[in-house]
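At each stop you will hear what to select and what to look for.

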Amino acid sequence: MNLRLIFRTQSIILFINALGGLFLTSTFLTSANFTVTPDLITLGQFMGMTFLILSIWSWRIPDIAGDAFNSLGRLFALGGLLWTLIIGYHIVMGAASGPTAYINIILTALLALGFYLYSRD
């Protein structure tokens, strides 16, 4: 495994979340045990679009980063750590649960670790 593969793996996971947020919003949010409202649908779709943008960036970074590649990997490790912490907080507080929360916390933590390990100089 290498840093390029970590970026591409994250891109694919973000793309899957983007599809869920944009086109299967109610199902996506219900599987995290959220009570779906019209306002939450709007927020879920916005989140889905944000995941799509991040997916595109994650896919392209290995091709365009040049000398900053490892530095960007460490930056994405920090982002993954922060996402892991907020998902974990929501799980512990009972604000989120179910497959969406549990699968995402595991994948996000693994990606954060991968970014960190493979971006060290």
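Start by selecting helix H1 (residues 3-23) and helix H4 (residues 69-93), whose axes cross at roughly 40° and come within 11 Å. H1 and H4 are therefore oblique to each other, the word for any angle left over once under 35 degrees counts as roughly parallel, over 145 as roughly antiparallel and 65 to 115 as roughly perpendicular. Axes here are lines fitted to C-alpha atoms, for helices over the stretch in contact, with angles running from 0 to 180 degrees between N-to-C directions. Helices are DSSP runs (H or I, at least four residues), numbered from the N terminus.

Before you click on, note that this is a predicted model, where local features need pLDDT of at least 70 and side-chain atom pairs count only at pLDDT 80 or more, while totals for chains, interfaces and linings use all residues. Residues are numbered from 1 along each chain as its sequence is written, and side-chain values use heavy atoms, leaving out hydrogens and water.

Now show the side chains where the two helices touch. From H1, pick Leu3, Arg4, Phe7, Gln10 and Leu14; they meet Phe69, Asn70, Leu72, Gly73, Phe76 and Trp83 in H4. Contact means heavy atoms within 4.5 Å. Colour this contact by class and you get seven nonpolar, three polar and one charged residues. In this scheme Ala, Val, Leu, Ile, Met, Phe, Trp, Tyr, Cys and Pro are nonpolar, Asp, Glu, Lys and Arg are charged, and the others, Gly among them, are polar.

The axes of H3 and H4 cross at roughly 150° and come within 11 Å. That makes H3 roughly antiparallel to H4. Which residues of H3 meet H4? Select Phe51, Leu54, Ser58, Ile61 and Pro62 in H3, which meet Phe69, Leu72, Phe76 and Trp83 in H4. This contact divides into eight nonpolar, one polar and no charged residues.

Time for the pockets. A pocket is an open set of points on a 1 Å grid over the protein atoms alone, where a 1.4 Å probe fits, with protein on both sides within 12 Å along at least five of seven lines; its lining residues have an atom within 4 Å of a point. Volume is the space filled by probe spheres set on the points, which are joined across faces, edges and corners.

The largest pocket has a volume of about 640 Å³. Of its 24 lining residues, select Met47, Phe51, Ile87, Thr100 and Asn104, which lie nearest its centre. By class, the lining has 17 nonpolar, seven polar and no charged residues.

The second largest pocket has a volume of about 190 Å³. Ile13, Ile16, Phe28, Pro99 and Leu107 are among the residues that line it. Which helix gives the largest share of this lining? That is H5, with five residues.

For a last stop, select asparagine 33, in the loop between H2 and H3. Asparagine 33 has a positive phi of about 65° although it is not a glycine. Most residues other than glycine have a negative phi.
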